Amino acid sequence: MPARAYLGELEQIVLLALIRLGDNAYGVPIRQDIEKRTKRSLSIGALYRTLERLEDKGFVTSRTGDPTPERGGRAKRFFRAEPAGLQALRRTRDALDVMWEGLDPKRI
Amino acid sequence: MPRKPPRLACFLVRDESVLGDLIEEYNTCGRSDAWFWRQAWSLVWFAGHTEKTERKRRVNLLSDLWIDLRYAVRTVEKSPGFAAVVILAIALGIGVNTAIFTLLNSLALRPLPVPDSRRVVGIYQTFQGNNVSRNINGEASLFSYPEYERYRDQNRVFSGLAAYYPFFGATLAGETPRDMRGELATCNYFAVMGVQPAMGQAFNASDCNAPGLFPVVVLSDGAWRNVFAGDPSMVGKTITLNRVPLTVIGIAPPRFHGAQPAAADFWVPLTMDPLIHAGDSLKQDNLSWLVLV
């Protein structure tokens, strides 16, 4: 059962990045994808704190991959958005849409 | 050839897969050492942030405790009678527990205040059969004086065997007579216990060859200080216990107060029993009254 009905801004951004990256969603591409699209820097500390929070809520799961040489022999940790996470994402989007109804983003 | 990231910064990263992410990006994207440090510190910062939240939760617990305390005070003010009963019950409970622990501590936990106390043991005897009938002064496991003599003379196990009567109450003569609790002990008692008097001397085994011939007493440190005001010339003086004049020959060391939980005020040779105790206990083979060590 999720702790909160709606997701925070960074939670939504990270979940959307996971969906976009699919099977290749681990620390480096997630961070780079978010930085490229949002044009804002995201520290690895903030990213992992958000991922752990989403994992605690059951919105995300992770698995450990194989170690690779360019990582100093350290394994990747792949993340995947779970159905509960997708549902929370849709719920948050719906709530925002309802609140935006009748408002013009350019005129507020 | 992969570059080596700042080693100290690597120590800040606890998670191996996160460190792998940093090293991969450091090498493949040509990130600077400063970037690596910033990322490592961001992990420390966010970990600390989580701990701060935990601490805040603990502070809330403390404030909850304060609210509980204030509520307790208000309840006590509202019904003081009930509160008094509760407080009394708790106080009694604590008191009983303390008393039981004090007893257990003196009986079982605290070692005897004698040198090398592991070598001092108590002796018990068990009677087989149903026809045992004795004049019990305590219990059947206590010894009569003739029994003690036989055990002592045939002892090949212990370096010494002493006997004492631990429940000897006597009246000290003076301007204001005073009750004292002491022990009647065989003259090898202090030697068996390995205790040297702080002042004067103790009994010697040879002093007790005949009943009533050695009217002396060794005082405990507590009795010497409390009853005789720590008189430095106490040794050699005469005190009167149960109308029998006894010469003080020694003062026991401060920590020694006998082998019983209740502290003894004095020790008188067991052979003085017929005079000071007014009886013939020494001769009775059927009277259990002595403890053996």
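B:Asn242 sits in the loop of chain B that runs between β6 (238-241) and β7 (244-251). Its phi is positive, about 50 degrees, although the residue is not a glycine. Most residues other than glycine have a negative phi.

A:Lys39 is another such case: the residue is not glycine, yet its phi is near 60 degrees. A:Lys39 belongs to the loop between α2 and α3 of chain A. Because A:Lys39 has 7 C-beta neighbours inside 10 Å, it counts as exposed.

## Fold of chain A

Chain A contains four helices and two strands. Along the sequence the elements come in the order α-α-α-β-β-α. Of its 108 residues, 31% count as buried. Taking contacts in chain A between residues at least 6 apart in sequence, 52% connect residues at least 24 apart.

## Helix α1 of chain A

Helix α1 of chain A covers residues 9-21. Its 13 residues should span 18 Å at 1.5 Å a residue, and the end C-alpha atoms lie 19 Å apart, so the length agrees with expectation. After α1(A) comes A:Gly22, with a positive phi near 60 degrees.

Which residues of α1(A) are buried? They are A:Glu11, A:Ile13, A:Val14, A:Leu15, A:Ala17 and A:Leu18. An α-helix has 3.6 residues a turn, so residues three or four places apart point the same way. The cover over the buried residues of α1(A) includes the helices α2, α3 and α4 (83-100) of chain A, together with the strands β1 (60-68) and β2.

## Strand β8 of chain B

Strand β8 of chain B, residues 266-269, is covered on both faces. B:Phe266 and B:Val268 are buried on one side, and B:Trp267 and B:Pro269 are buried on the other. In a regular strand the side chains alternate between the two faces of the sheet.

Two pairings involving β8(B) can be described. With β3 of chain B (residues 178-185), β8(B) pairs in the parallel sense over three bridges. With β5 of chain B (residues 216-219), the pairing is antiparallel and has two bridges.

## Contact between the chains

How many residues does each chain bring to the contact? Chain A gives 17 residues and chain B gives 18 residues. On the side of chain A that touches chain B, α2 (27-38), α3 (44-56) and β2 (74-81) each supply at least two residues. The largest share, five residues, comes from α3(A). Sorted by class, this side of chain A has six nonpolar, five polar and six charged residues.

## Confidence

The predictor assigns the complex an ipTM of 0.87 and a pTM of 0.50. Chain B has an average pLDDT of 84, and 89% of its residues score at least 70. Where pLDDT is low, the predicted coordinates should not be read in detail.

Methods: Residues are numbered from 1 along each chain as its sequence is written. Chains are lettered from A and ligands numbered from 1 in the order in which they are written. This is a predicted model: local features need pLDDT of at least 70, side-chain atom pairs count only at pLDDT 80 or more; totals for chains, interfaces and linings use all residues. pLDDT is the predictor's confidence in each residue, from 0 to 100. A residue is buried if 20 or more other C-beta atoms lie within 10 Å of its own, exposed if 12 or fewer, and partly exposed in between; C-beta atoms are placed from the backbone. Two residues are in contact if their C-beta atoms, placed from the backbone, lie within 7 Å. Ala, Val, Leu, Ile, Met, Phe, Trp, Tyr, Cys and Pro count as nonpolar, Asp, Glu, Lys and Arg as charged, and the others, Gly among them, as polar. Two strands pair if DSSP finds at least two bridges between them. The expected span of a helix is 1.5 Å times one less than its number of residues.
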